[in-house]
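Keep the 3D view open as you read.

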Amino acid sequence: MHPILADLAPMTIVLLAVGIVVLVVALLFCVLFINFFFIWLRAKLANAPVSISKLVGMRLRHVPYTLVVDQCIKSSKAGVPIDIDTLEAHYMANGNLDQTVQALIMAQKANIGFDWGRACAIDLSTQGTNKSVLEAVKTSINPKVIDCPNPQSGRLTIDGVAKDGIQVKVKARVTVRSNLERYVGNALEETIIARVGEGIVTTIGSADTYKFVLENPDRISKTVLARGLDVGTAFEIISIDIADVDVGENIGAKLQEAQAMANKNMAQAQAEIRRAAAVAVEQEMKARVQEMRAKVVEAEAQVPQALADAMRSGKFGFMDYYRMQNLQADTGMRQSIGRPDDPTTKQ
């Protein structure tokens, strides 16, 4: 082989290797261009620029960069620019980017003091519940109405008893607005419903008569509102409106009837105790009478024996015995004459 051709072989190998490297780099550039260029261009044109390196980094961190860039563009167009790194951090914290950005935009447009940090806190605190940061902002802008009691609880009215014993049934509607400053870590609608129900029952119970409640239903709402029931909750109570007031049962009469029945039962029980004691005493007296009669019979049985002993000893003769018999007969006749109505004498 010619020496010149021998020298060209290694050079060809080097050039071929360089060409392969250049081709690989070009292919990688094309891939990056296809994957990121249009997103980068869209963000650039929307005045929300993001570098290719950040897009590549999000791709490597398995972050949906398209979603993050779209939210960045949306916030920028709405006049609430949010840094791309901040959006990515919230997504990686398991936040809902779409709802959080939308809630921040709505709050800013409604002139509500609401920043990105609080929006993220509310969004993360409501994860796994039926609440969301978007709902919180919507409720802050447009107050919501809560039925009291909640129909889903199975109860249709709040029942209270006035001092005269008449039951009053009330339906109320509570208008609340979200308090974004204390939305995190505070009680929600269930606490509002419970507190309002307690206030209604207390107000009805303090009324002297049910007629006063019927004549002044606004007194219930005014009294309940004055108690500051929204303290420690995520809401601010705007108004409490009484939707319906009905008269229920006469609880006082029922309680008195029950008390009278209880007293009657107690009196009957005590009378039964006394009757049983009297019966026991009577039986005891009868037993004593029988015992005394037995003693009398026993004593009477000893009389003939005593007479016989007296006659045998000579202390009592036959004439004495006959005189005693005549005396007894005379006594019996006199007694019969003294009792003319005795049926034994009318024979």
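Glu291 has a relative accessible area of 45%, so it counts as partly exposed. Keep in mind that this is a predicted model. The partner of Glu291 is Lys295: the two form a salt bridge whose closest N and O atoms are 4.0 Å apart. Lys295 is partly exposed too, at 44%.

By the rule used here, the model has 19 salt bridges. Here are three of them to find in your viewer:

| Salt bridge | Closest N and O atoms |
|---|---|
| Lys295 and Glu291 | 4.0 Å |
| Lys131 and Glu135 | 3.7 Å |
| Asp147 and Arg173 | 3.6 Å |

The Asp147 and Arg173 pair links distant parts of the chain, since Asp147 belongs to strand S1 and Arg173 to strand S3 (residues 166–178), 26 residues apart. Asp147 is partly exposed at 35% relative accessibility, and Arg173 is partly exposed at 47%.

Now turn to Lys131 and Glu135. Is Lys131 buried or exposed? Its relative accessibility is 13%, and buried means under 20%, so Lys131 counts as buried. Glu135, with 25%, is partly exposed. Through shared partners, salt bridges join Lys131, Glu135, Lys144 and Glu189 into one network.

Those four names come back when we look inside.

The largest pocket holds about 210 Å³ of space. Among the residues that line this pocket are Lys131, Lys144, Asp147 and Glu189. Strand S1 (144–148) and helix H8 (189–206) are the elements that each give two or more residues to the pocket lining. That lining divides into four nonpolar, two polar and five charged residues.

Leu16, Ile20, Val24 and Leu28 make a nonpolar surface patch of about 380 Å². One of them, Val24, lies in helix H1 (residues 3–45), and its 43% relative accessibility makes Val24 partly exposed.

Note on methods: Residues are numbered from 1 along each chain as its sequence is written. This is a predicted model: local features need pLDDT of at least 70, side-chain atom pairs count only at pLDDT 80 or more; totals for chains, interfaces and linings use all residues. Side-chain values use heavy atoms; hydrogens and water are left out. On a 1 Å grid over the protein atoms alone, a cavity is a set of points where a 1.4 Å probe fits but cannot get out, and a pocket is an open set with protein on both sides within 12 Å along at least five of seven lines; lining residues have an atom within 4 Å of a point. Grid points are joined across faces, edges and corners, and a volume is the space filled by probe spheres set on the points. Helices (H or I, at least four residues) and strands (E, at least two) are DSSP runs, numbered from the N terminus. Ala, Val, Leu, Ile, Met, Phe, Trp, Tyr, Cys and Pro count as nonpolar, Asp, Glu, Lys and Arg as charged, and the others, Gly among them, as polar. Patches are made of residues with over 30% relative accessible area and no salt bridge: like charges are joined within 9 Å, nonpolar side chains (Val, Leu, Ile, Met, Phe, Trp, Tyr) within 5 Å. Accessible areas come from the Shrake-Rupley method with a 1.4 Å probe; for residues, only the protein chains shown count as cover. A salt bridge is a side-chain nitrogen of Lys or Arg within 4 Å of a carboxyl oxygen of Asp or Glu. Buried means under 20% relative accessible area, exposed over 50%, partly exposed in between (1.4 Å probe, protein chains only).
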